[in-house]
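Here are some friendly notes for when you open this structure.

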Amino acid sequence: MAPNAAAGADTFPKLLIRNAHLYGARPAMRHKDLGIWQTWTWREVHEVVRAYAVGLHNLGVKRGETIAIVGGNRPKLYWSVMAAQVLGAIPVPVYADAVADELAFVLAHADVRFAAVEDQEQVDKIQSVMNRVPKLEMMFYDEKRGLRDYDHSKLRAMDDVIADGRKALADPAVAAWLDKEIESAKGSDPSIILYTSGTTGTSKGVVLTGEGSINAASDTVAFDKLTETDVALAYLPLAWVGDHYLNYAQGLVSGFCTACPESPDTAMADLREIGPSFYFAPPRTLELLLTRVMIRMEDAGLMKRKLFHYFIDVARRHGEHILNGEHVPLSGRLLYAIGNVLVYGPLKNVLGFSRVRVAYTAGEAVGPDLFSFYRSIGLNLKQLYGQTEAFLYLTAQPDGEIYSDTVGPACPNVDIRISENGEVQFKSPGMFSCYFKDAAKTAEVMTPDGYVKTGDAGFFDEKTGHLKIIDRTKDVGKLNDGTMFPPKYIENKLKFYPNIREAVALGDKHDFVTVMLNIDLTAVGSWAERNNVVYGSYQELAGHPLVYDILEKHVAEVNRSLAADKVMAGAQVKRFLILHKELDPDDGEITRTLKVRRGFIADRYAPLINALYDGSNEADISTEVTFEDGRKGTISARVKIRGMKTEPIPAMGKAA
Amino acid sequence: MFYREAGQFKTNYAADVAVFPILQDRIGLGIILFIAAVIIPWFGSSFLIQAVMIPFLIFSLAAIGLNLLTGYTGLLSLGTGAFMGVGAYACYKLTTYFPNVNIIIWIAASGFFSAAIGVLFGLPSLRIKGFYLAVATLAAQFFLSWCFIRQPWFYNYNVSGAIEVPTRSLFGVPITGATATDTTRYFVVLGFVVVMTWAASNLVHGRIGRMWMAVRDMDLAAELTGIRLLPTKLLAFATSSFYCGVAGALLVFLWYGGAEPAVFDVNLSFFILFMVIIGGLGSLTGSFFGAALIFIMPIVLRYFPPKLGIPIHPATVEHIQYMVIGALIILFLIAEPAGLARLWQIGKQKLRVWPFPY
Amino acid sequence: MDLLYKIFLDPFVQMGTAPDLLVQTLWEGLVAGVLYSLIALGFVLIFKASGVFNFAQGIMVVFAALTLVGLHEHGVPAYLALALTILVMLGLAFAVERLILRPLVNQPDIILFMATFGLTYFLIGFGELIFGGETKIMIANQLGLPRGAIDVKLAGGFVSIQKIDIAAAVIASLMVAGLAIFFQRTRIGRALRAVADSHRAALSVGISLEQIWVIVWFAAGLVALTTGIMWGARSDVSFALDVIALKALPVLILGGLTSIPGAIVGGLIIGIGEKLGEFYWGPLMGSGIESWFAYVIALIFLLFRPQGLFGERIIERI
Amino acid sequence: MRAAGGPDVSVGDVLLSVEDVSLSFGGVRAVSGVSFDIRKGEIRAIIGPNGAGKTSMLNVINGFYHPQKGRITFKGETRSRMRPHDAAYGGIARTFQNVALFRGMTALDNIMAGRTLKMHANFFWQLLRYGPALREEVEHRKRVEEIIDFLKIQEIRRVPVGRLPYGLQKRVELGRALAMEPELLLLDEPMAGMNLEEKEDMSRFVLDVNDHYGTTIALIEHDMGVVMDLSDRVVVLDHGIKIADGTPDEVKRNQAVIDAYLGVAH
């Protein structure tokens, strides 16, 4: 199937037609709605999308212009993407939880005349910034609720658009015209514009072509042997490259079924119901899940807890070897088999992983323990590495070659090189054509010989030939004594502790390393409950001396592990503090994909950072916060700082 | 632990409203039916079939009947024994008058007589509730018991005052009377119980079940949502009595083989009620659990101490049995007022979320 | 026609022609009614104070009587046995409070009702296990209760009145009077009445709910013991007597669950009605109608006045 | 006042009229000589201090109490005595001040129970749970799911209502009433005991019901702010007597109302 997967189809609409022929009666899309999994076959999707496209055309959507897609993972929004592409228009997905400001920026920057939105909430949001998006002419909404009394001169229900299109399509001339529209589209035309979350500064619109996307997706579909019988749950933001690549592009290429959860809140339960065979989760989600597993197990009876930990330990020893098909003693295999019946099988079942054949994680470095935990219980979790500009993937780990500290070798047809300053650069089938309306920035990331700069520092591991990513090139700093300081590396080690939700390591151009920590309210809160520690708020709990004691232990352990590595030994943490508030994307402290925005944090928490280095034991801070409803307020606190003992640096040559 | 529900999803309401939506439950049910229909008749001893399984199934059926009324509709009845008696005597009279019609038909038909009587005594339920209604059903119990004892027409004017079950066959195989084998009778009883349990489960999972439960939980609100109280309650009485009536007929025709009128006295009513309470009000599964516990526990008490070499007088056993049943009831009400069914559900839930505690 | 005559005329003709038989029947009904009343009284006491419909009241009667006779059989002197039995009933009240009521507090009424079913079965098993299941004779003589009968001449016939019955009526009346005084005049009695109105009110008086439960169950136990002695003296002591417990239920329905006068009047109505029915109409139907006649009276009554003779009218609020 | 939009209610036909109704319980007057009407499509509030006879009025409208005097005309039909289930069949649904859900049932079953009067498959099909019975079950389940979606209670679908927090119970109860597809929906203090956020949610739902399903709503509410925001017209009762009737603005300015209600209550 895979080799000719995309044969002859260089745009997604052409793939849709192919799927309607090839897999006509197979499910293309499911959506948990009204209590059951509503299902559409490829044939049905094809029919709806055609009708939708004609409806859009009649409302004035033209080839080459942009149309915003705002909302969660819902079939009609995916169909909006498809319908736009059928007409040769360029969909621009926007994060559903984007605040009005971000939304206005993207809509205005992308020059959208039309927007397909999920519901009243999004309509309201867009209407509130209407004056900043003068070109916007009309919105199409999926969810009718509450919109009946709105002025409908600029609003249409998607259902109505589709119904109109369906009526028009009855005319064979229209159908023929549509066929020609699809046929005449070129693979090199822009297929979609994905706005990057923008780790630094404002977001940029990454333009991807149909042909590039399809070629890229075909390669990975073949790589993981995905077929039309696979199932994936689309629960990641529609506007993120990951969703577009993993679910949309791979789905169309392989013909697998994409399932949409009922709502973001029910994604976990829906995951369990649908039981996907292909699964992707950012390390963040995996971490959260593991934390939750451990917390729930804390509440189990003694026997069950012992059983659980015993077999998790068995899995830790043998699980990965068994998964990798390596030699394992018979006793180990037997114990693992028992564990599989008693613990791993049920655990995967309640998490919804029972049927997962291929699982990926990417986005940021994954803690080794976290990674091997999932692998040890038999989940075929692999890492991939990439970015929006590459249509997500550059490297991926093949089955059987899994190392937690590498991201795998370059994918088929991907060309990767390491520049002299250690930066990873690539050429790939899926690479973007340009940043939308931003030739300067495009030029900035392209090398003269046509490679794209990733901005990540990395190197190929000599032993395995896999790529290893250290950190963002610009983030890797140096302590004043010249020791290398990769903040992410340290942060990730800290964040593996369930009690630590977020960590920000500091040290570049300083004498030593310090960290600012966020506790995990669920994990520490549950600890507090068990130990009768009373607290009224996050802030109070974060400042509790006993909580500091716990985190001090974690930091000390991290120091020990850093000390074991000769390169990193100098970067042990000397002082730390626990932040009085959670880092929040609404406050701009982390991105929507939950990456730390260092520069911003450095400004915002300057008083704390100063205190970390001037030797004081506490510092006052007051920060502005944005509440969920958009109001702003200030919280202030006095934050305590703790010093750490560091491990002696091992003699050279002893390590490794 | 054994539940692997990941990937079991419903794409239409017909599948979602199924009585057993979980695959593992369907498998489990299949295994139980296989044991009941194949393993037990094949390998079970005569004692197991005759003295344990047949009465257990019959009492389960009666408990289901009472549960429909008391557990689902919230109408406390102490007249179960009498309604069972109506079934038994109706069947007896029918098979006397029409000996050529197959006994299976008469056993089923006897339920209708019982249902009619049930409706009659259910009439007061429109005006009276709770304890008062319980007493009204006691009236049925005493009146009907009296009929069975004092009205010779019921027992065909036999001198003994008891009824004798005649031999009747199906396809040439005797299924009632002295010549019917244990296994044959077991199959007949099993057939009745399986079909009627299935039907009851259909009922309680649909509109009628919801109407009953609505009346049970909040009768005023039920009325205001358009549920007519009297027909709903009478339907519960009729259905419940039908089940009890069939159970009564089975009891006499396929277990005892004959009956003194005293069989259907108020103690039988209490006996069935205990099964329902201990099993769990408002649960069909619970009815089986309750019947198992209340019926099988005395058997264990009677047969095990002697086997272990503990000499124990039969009368003493009976006294202890009373004490144990009494204590069990109190214990259950304190520990788990919702009965064994609730424990079963908790256990099942634990298995579903295993290894998590919740 | 003949049947109608037999039902609607003949019995009344008989009553008129043989007034001595009528009076005899009425007297027997009255005595039975007094005993029914006593059992119903036990019910009402407990129901008023704790909302528990005590199905075990009837069995407490038998249990008390059996304990008394059983102790005597084991050589305990009569009055000492009586005292010990009272202690046993006190113990029972404590046990019930500790083991049943307290763990089941705040449960729905029906659950508590069921629990008393459990208590019933337990007491039957326990009583028989200790004292044996065989029928026993009440130690009426040893307790100084009168024996024999007084014959009264009436309208050309006799009315035979057992002395023990007179004693029963007198003792029952005294008991009711005593209880009335207890409720009206004593602090505990007033607290009990407060409990019937509102549990919180009672707590504010300074008596714990637990104490009150023990008191009412003990009071009900004493009533049961009295009933047991009287009833036992008229027939035998055995658990077959539990049927009289069931007889008390229609009495309650007639009288209302919360009314002491209701229990008394209801008991008398049922007792007399039942005897009249049995004597005059019973033979028409093959006799033995005593077993259900009371229920039918109660049931018919219920249809017209669901809250009973003295019960408060229930107005449903939503 | 309610936001503009939708049909002008002042010209709607009269759906229900109450004429000169009096009701007393054993000498206690609950309502005396009250007349007012409810028009199609409007949100009609009945307000008044405690003991003003508001709930009694609702109970009269849906047939739970029978007035000693006066008459009620619903959809042009005047009736003298009506049982509550007749009201249900006629198209009147209601919720209760103290949630009157079927506590032993799940949220889903509670709402399904609201569909009872629209389901007709006979007993024998029900026994088999096949054919019309199953078809009907599926068809009505779909309608119920729409209501569940509308009220955003998907996550608690299978939870026994006894375990739900109060606010959600109120929502389920509203769902059960909606399942009856009533023409007239009576809400007895729909926001009683709720916090501000829940009140706002509930107000939204009430407006949405009126808007989306076109249901006429009569509601009793204590919170004056809510009443003024929600309703098209308000009738004010005090001690069983009507003291004012009109738009929220008119009522607000009415001296008798200020004296009887606003002055006393706050």
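1. Chain B and chain C bury about 4,000 Å² between them, and carbon and sulfur atoms give 81% of that area. Buried area here is the accessible area (1.4 Å probe) that two parts lose on being put together, summed over both. This is a predicted model, in which local features need pLDDT of at least 70 and side-chain atom pairs count only at pLDDT 80 or more, while totals for chains, interfaces and linings use all residues. Side-chain values use heavy atoms, with hydrogens and water left out; residues are numbered from 1 along each chain as its sequence is written, and chains are lettered from A and ligands numbered from 1 in the order in which they are written.

2. How many salt bridges link chain B and chain C? The count is zero, where a salt bridge is a side-chain nitrogen of Lys or Arg within 4 Å of a carboxyl oxygen of Asp or Glu. One residue pair is in polar contact across this interface, both residues being at pLDDT 80 or more. A polar contact is a pair of N or O atoms within 3.5 Å; within protein, one must be able to donate a hydrogen and the other to accept it, and residues adjacent in sequence count only if both atoms are side-chain atoms.

3. On the side of chain B that touches chain C, the elements giving two or more residues are α6 (130–150), α11 (266–279) and α13 (314–335) of chain B. The largest share, 12 residues, comes from α13(B). Helices (H or I, at least four residues) and strands (E, at least two) are DSSP runs, numbered from the N terminus. By class, this side has 29 nonpolar, five polar and three charged residues. Ala, Val, Leu, Ile, Met, Phe, Trp, Tyr, Cys and Pro count as nonpolar, Asp, Glu, Lys and Arg as charged, and the others, Gly among them, as polar.

4. Now for chain D against chain B: 42 residues of chain D are in contact (heavy atoms within 4.5 Å) with 32 residues of chain B. The two chains bury about 3,200 Å² between them, 63% of it on carbon and sulfur atoms. Four salt bridges are found across this interface. One to look at is B:R210 with D:E137, whose closest N and O atoms are 2.8 Å apart.

5. The polar contacts between chain D and chain B number 12 residue pairs, both residues at pLDDT 80 or more. Which element of chain D gives the most to the side that touches chain B? α5(D) does, with seven residues. That side of chain D divides into 22 nonpolar, six polar and 14 charged residues.

6. Within chain D, the domain assignment (bounds from an automatic or database assignment) gives domain 1 (1–91 + 182–266) and domain 2 (106–180). Their contact takes 19 residues from domain 1 of chain D and 13 residues from domain 2 of chain D. The area buried between these domains is about 1,300 Å², with 75% from carbon and sulfur atoms. D:P182, D:F205 and D:Y213 supply 37% of the area that domain 1 of chain D buries against domain 2 of chain D, more than any other three residues.

7. One salt bridge is counted between the two domains of chain D. D:D201 forms a salt bridge with D:R171, and their closest N and O atoms are 3.9 Å apart.
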